[in-house]
Amino acid sequence: MAVLAVLPAQAKSKAMFKNFKVSTYIRAQDIARMDDDKFLKDTWETVSSQVDLDKIYLETHRDAFIVPEKTLLKVKKFFLQKGLEVGGGITYTRSEPTDFETYSYARENERQQVKEIAEYTAKHFDDFILDDFFFIDLKNDDEIAAKEKSGKSWTEYRLRLMADAGRELVVNPAKAVNPKVKVIIKYPNWYDHFHGLGFNLEEEPLYFDGLWTGTETRDPGSAQHLQNYLSYNVVRYFDNIAPGKNGGGWVDAGGIHMSMDRYAEQLHLTMLSKTPEIILWNYMQLVEVKITPLMRAKWQAAGVSFNYDEMTAPFTKDGKTITPTTMARFANVTLHQTDQLIGQLGKPIGLASYKPYHSSGEDFLQNYLGMIGLPMDMYPQWQERQQILLTQQAAKDPDIVEKIKGQLRKGGDVIVTTGLLKAIKDKLADVCELYCGDLKAIVNDFGWFGKSEREFIIPQVKYFTNDAWEVVSAGRPLNGGVSGYPILLRDTYSKGMLFVLTIPDDFGNLYDYPARALNVIRRAMSKDVGAYIEGPSKVALFPYDNKTLVVENFNDEAVTLRVVINEKVGSLRNLITGDQLKPATLPQARPMWGRNLFFGYPDGATVFDLQLPAHSYIGLGY
């Protein structure tokens, strides 16, 4: 097939941002509307006056609709002439409103349609992104017959089907048309469920030219229950799956009904991952989602990081006074503000968490742990670190106990959750004879660590007295002589230490742990990070390998914190203002019998007091 001439993807003479690109994406049906010159120009005026863009992605197909070539070329030319880089996009849906109906990859005619869409797109672009939907959610008679013939489970069948489809129907046909084309798969935010619908994180990143990351956390209380921290964590996970191939994050307007801050946080957290680009989904949201006073939260009067009043005030651009009208302005101010910080941060680091490919169990738990101040760094392979966190997902590895033993014999720590303990208790007994079955406890009292504001349910961990030791306990009540249960348990094996971290039945109850209990947990798990925070939940720590860190408060009120650096330092420097924060003066610690290993502060540590307004962050260096 002859290659149609591809217009050059012209770069701007001057980058809009110092440390990353900012892009947007136009859906196929909206591109078709841009055959109308007035619509094309008016929408561009609205967007370009309020947000600085480096690149735009033009979608060729969505919901069985293909943009006519004449219109596609016209719109592409328009944006190239505006100085933008231009890439392509494909959404492989037949009917998005019908439960995200995808193509049926067991049907030859639909496979051919998928192939032709890829070829058409490759003719016009040197790079294109597959939107969220390159999976399969169908169980029609053809898919059932193909699955039964394969002798595989639904997950196994879909993983094989889609890994082959990506190579045979998308990447190879696209490169046959345009050898220069880079084909990028965008993965959505629900990574712990990917394998059930055919997203193959083990194979696809090997042959796609790149991947992209959905970082939309929207309203954490909505159907997906995705916690704020995922906007950062999922980028880091995909970075560790395919180093150097993760092109950027992707945030939409979901959650903006909660406040402007919730939208801004998603953008900010995405960029804290040090990803090189962000896509503002989507172009028409930047046009149509209007600024309203309801987006100004009650905490805005308290000097917060994302200032609604500044974002909505008139400003001057290219000699014109512009009054902001849409969410595009929120994005622009947030990203320019974040850009001032990003260049000073090194490579993100954290507590390594091992999640084998296609594993299930305690879904998305790492994001809840991130929200209680434990910096997460997820990997699909075992990591050689001082400490490693193992959730129920690690049970997928048949050699997990031998790996645990090896870590402990070298003097490292292993932190297992109650979900993993329950899954491998018989095998783990070779290390420590613990039991976690179906027994539950209702707790609200953490003894000298304080009380939670509500009662909640935890699994009971059983152990042999004097073989393992409770570091943090809880009961109802704990004080007053009533039974308690482990929250953080420790045992030794060879040169190392095994911890069991109790996870409540409702992961959200982790936020109910008293601050003093969280402080002990954070200290115990800070060896590879070199720092930890003390304070309430819903405050996250983002550490970097150049001795910088960001602390972010997601609470609706101001918080008082301590930042503990596990070494002697003279001061902490505010990365934006340059102000120096001096160490706190502490009273002499009193030893606590039998428990001083995790109480007080590590030898040689330096402690700093800090206050953060609601929904605000600070960047610090030492």
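At what angle do helix α14 and helix α15 pack, and how far apart are their axes? Helix α14 (residues 400–409) and helix α15 (residues 418–428) pack at about 75 degrees, with axes 10 Å apart, where axes are lines fitted to C-alpha atoms, for helices over the stretch in contact, and angles run from 0 to 180 degrees between N-to-C directions. The two helices are therefore roughly perpendicular to each other, a class that covers 65 to 115 degrees. On the α14 side the contact involves Ile400, Val401 and Ile404, which meet Ile424, Lys427 and Leu428 in α15, contact being defined as heavy atoms within 4.5 Å. By class this contact has five nonpolar, no polar and one charged residues, with Ile, Val and Leu among the types counted as nonpolar and Lys among those counted as charged.

The model is predicted, with local features needing pLDDT of at least 70 and side-chain atom pairs counting only at pLDDT 80 or more, while totals for chains, interfaces and linings use all residues. Residues are numbered from 1 along each chain as its sequence is written, and side-chain values use heavy atoms, with hydrogens and water left out.

For the chain as a whole, the protein chain holds 16 helices and 32 strands, which are DSSP runs (helices H or I, at least four residues; strands E, at least two) numbered from the N terminus. With 622 residues, a compact globule would have a radius of gyration near 25 Å, and the 26 Å of the protein chain agrees with this; the radius is taken over C-alpha atoms, and the globule rule is 2.2 Å times the number of residues to the power 0.38. Further values for the chain are tabulated here.

| Property of the protein chain | Value |
|---|---|
| Buried residues (under 20% relative accessible area, 1.4 Å probe, protein chains only) | 61% of 622 residues |
| Contacts with a separation of 6 or more that join residues 24 or more positions apart | 76% |

Helix α16 (residues 515–524) is mostly covered, since eight of its 10 residues are buried, including Leu518, Val520 and Ile521. These buried residues pack against several strands, among them β22 (469–475) and β23 (484–493).

Gly247 lies in strand β10 (residues 246–251) and, at 17% relative accessibility, counts as buried. Beyond its neighbours within four places in sequence, Gly247 is in contact with Leu211, Trp212, Thr275, Pro276 and Glu277, and its C-alpha atom is 9.9 Å from that of Asp209, 38 residues away in sequence.

How values were computed. Angles under 35 degrees count as roughly parallel, over 145 as roughly antiparallel, 65 to 115 as roughly perpendicular and the rest as oblique. Buried means under 20% relative accessible area, exposed over 50%, partly exposed in between (1.4 Å probe, protein chains only).
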